[in-house]
Amino acid sequence: MTAPATTPAAPTVHPGGQQSGPFPGHPAAAARFIADVDRAHWHDQALWFVRVKRDRAAAQLPAWERLRDLAQAIKAHALSDLARYLEEFERNATAHGAVVHWARDAEEHNRIVHQLLAERGVTRVVKSKSMLTEECGLNPYLEARGLEVVDTDLGERIVQFRHEPPSHIVLPAIHIKKEEIGELFHDKLGTAAGASDPKYLTEAARGHLREKFLGAQAGLTGVNFAVADTGAVVVCTNEGNADMGTALPPLHIACMGLEKLVPRSEDLGVFLRLLARSATGQPVTTYATHFLGPKPGGELHIVLVDNGRSALSGRDPFRRALSCIRCGACMNTCPVFRRTGGYSYGTTVPGPIGSVLGPTQGPGAHATLPFASTLCGSCADVCPVRIDLHHQLLAWRKELVLGGFAPVGKTLALRLTAWVFASPWRFALAGRLARLALRLLPRGLMATLSGAWGKQRDLPPPPPESFRDLYRRTHGRP
Amino acid sequence: MPTVALFVPCYVDQLYPQVAVATLRLLERHGCRVVFPPDQTCCGQPMANAGQAADAAPLAIRFLDTFAGYDHVVAPSGSCVAMVKHQYPGLAPDHPKLEEVRSRTFELCEYLHDVLGVRRVEGRFPHVVGLHRSCHGQRELRLASGSERQVPPFDKVKTLLSSLTGIQLVEPARTDECCGFGGTFAATEEAVSCLMGRDRLDEHAKAGAEVITGVDMSCLMHLDGLARREGRPVRIRHVAEVLLGEAT
């Protein structure tokens with residue numbers, strides 16, 4: 001792996017933020033984040049705090065595991081018959097006066113959204129709650145065409161001010177300390193210098209955003225759930241900003257991935273109970289707004305985006321990743337994510353689920369992600385829809401090796417090891433030589449020879465004989 | 001008296017023979033006839049977890065050939081046993097002994113607790129001990145209920161350990177947090193791996209552990225390597241060594 005000190009031309013990094021320049025792969029990006037060990041620990045603790053809240057909230061529901069089973073089953077069913085449910089959804093949404101658009105990929109999604117805005121002479125859009133538009137790169141697309149796009153989730157507004165993408169799908173600014181937000185708001189919003197009181201800063205942001213809401217001609221939102229049997233889309237927020245952003249302007253555009261569909265209204269209860277508890281430890285999000293058709297005199301447009309999703313739905317075992325309800329619990333529990341931050345993944349969705357989804361968008365660019373895990377399995381055990389995340393990471397590793405995307409040196413070293421293991425005498429001999437080397441060579445040299453292991457760790461003192469030798473000596477051959 | 005085939009993970013065989021000895025003696029003390037089939041090498045986990053299924057498959061086949069026909073197969077390692085149970089169907093799906101061997105392979109504490117029905121281990125271990133719950137034992141073999149899941153609490157390893165005379169078990173914060181070993185992860189993601197390990201050592205130290213134990217020597221080797229480099233006073237012992245007790 002590349003040590004930070006030897007990396008040529010280290011890209012510039014915001015404190016705790018994202019680096020500019022090409023993505024160097026998870027190990028190098030992670031090492032850079034960890035170089036500031038206090039920040040890594042602070043980040044770890046901040047997310048662990050959320051994980052603990054999640055545990056408490058989950059423990060309050062006696063039926064938690066049963067709910068997870070139900071959620072998994074509903075999602076599996078919906079995905080198995082997605083085309084039919086999408087058509088049912090379109091029929092019902094249209095009957096209520098919404099206009100449904102279909103986008104094959106990110107480019108088509110952006111084009112549709114831009115056209116809707118341009119035709120109506122919109123110059124300012126307020127946006128809420130959409131990782132999909134991040135995935136599609138909508139902000140830069142619209143900004144390049146002269147529109148002002150204002151992210152209205154507080155965390156997203158903060159990262160937007162810093163010209164960064166979100167570092168977490170639920171807590172987009174979790175990597176930024178409140179003192180840094182104080183400085184940023186002093187600079188952007190004229191708050192008092194040195195102020196870092198969250199309440200004061202939130203008030204300032206609220207005033208600022210209120211102006212933006214009042215001056216917007218269109219509101220753009222993501223979608224948490226779309227309901228086939230009613231044609232409604234449901235948006236969950238804690239700040240009420242999706243409601244603010246859609247209540248005032250005449251145009252509401254809701255952008256959703258195809259996989260957000262649930263068959264029936266009754267299913268929502270299962271997911272709404274799981275979502276907020278898994279995400280933040282709340283019993284339910286403060287606002288869960290159902291949009292069923294446009295408001296009187298307004299327009300509701302729903303853009304259904306594929307962007308690789310239907311291809312994924314045909315691929316075992318990765319199709320299960322389409323069940324994801326984007327709660328972020330896998331990130332909060334992941335010991336690697338907690339210590340390395342979202343930007344170490346180089347994807348819109350980071351963490352365990354991002355490491356499964358990332359390679360589907362292009363295995364070469366994301367080849368390090370499925371290896372950025374100890375396979376500890378905590379992600380799978382917190383997942384409210386029971387996605388077997390660590391097994392999917394393992395499945396990806398196989399695909400990446402077959403596709404030639406794994407590091408050649410490592411692959412060959414393991415192939416050689418497997419050859420040694422294939423015969424008991426080769427294994428015994430290699431073990432004897434290794435123990436001899438451990439005994440005879442000076443500690444400093446061993447540290448060098450053992451490479452990545454020896455940088456911060458010692459090898460164990462070698463025993464005089466292996467167990468197999470000892471056993472043969474004491475028991476003879478059986 | 002069941003005949004137990006001892007499955008000694010490759011690195012335990014070469015670097016920690018005392019762990020295999022302790023396992024063997026512990027099983028014998030609980031009434032098993034124990035044999036060590038000498039044709040065994042490695043279960044193939046390093047290759048399989050790196051995605052190199054083609055390199056792991058011959059080792060899976062060797063394992064199944066070697067361990068077929070015994071009443072039980074027992075290993076002092078949660079992750080190697082999880083490998084046999086969960087990954088072999090994908091690596092050697094047509095092997096005639098696959099189901100037989102899989103269903104009869106156990107991690108040591110799992111075997112004592114579930115198969116032999118042991119709840120009390122005779123022995124003395126008068127030390128303050130922190131239990132490191134290794135992830136594969138924890139979440140693949142379900143040796144304990146786990147902090148994520150909402151199920152009635154249980155912990156098979158802790159049950160056995162706490163029955164020893166004089167032992168004082170302490171709980172680190174974040175009871176089942178990963179130590180950061182993760183096989184080749186320890187090398188390819190060296191920075192994260194070592195930070196996780198040091199955090200784990202800190203959490204055990206804060207709880208007052210003089211000895212850290214666990215069911216996987218690989219996790220313990222990682223923790224021990226970090227502790228040795230920094231000259232930390234903590235001692236690392238495999239659960240088999242602890243369960244064997246001192247001065248017995």
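**View 1. The largest nonpolar core, in chain B.** Phe7(B), Leu27(B), Phe63(B), Tyr88(B), Leu161(B) and Leu243(B) touch the most other members of the largest nonpolar core, which has 94 residues. Such a core is a set of buried Ala, Val, Leu, Ile, Met, Phe, Trp, Tyr and Cys residues joined through side-chain atoms within 4.5 Å. Buried means under 20% relative accessible area, exposed over 50%, partly exposed in between (1.4 Å probe, protein chains only). The model is predicted: local features need pLDDT of at least 70, side-chain atom pairs count only at pLDDT 80 or more, and totals for chains, interfaces and linings use all residues. Side-chain values use heavy atoms, without hydrogens and water; residues are numbered from 1 along each chain as its sequence is written, with chains lettered from A and ligands numbered from 1 in written order.

**View 2. Helix 4 of chain A.** Just after the helix, Gly97(A) takes a positive phi of about 100°.

**View 3. The open sheet of chain A.** Six strands run in the order 1-10-7-4-2-3, with parallel pairing. Strands are DSSP E runs of at least two residues; two pair if DSSP finds at least two bridges between them. Strand 1 (99-103) and strand 3 (148-151) stand at the edges, each with a single partner strand. Strands 7 (251-257) and 10 (299-305) pair over seven bridges. Met256(A) has Leu304(A) as its bridge partner.

Technical notes:
Helices (H or I, at least four residues) and strands (E, at least two) are DSSP runs, numbered from the N terminus.
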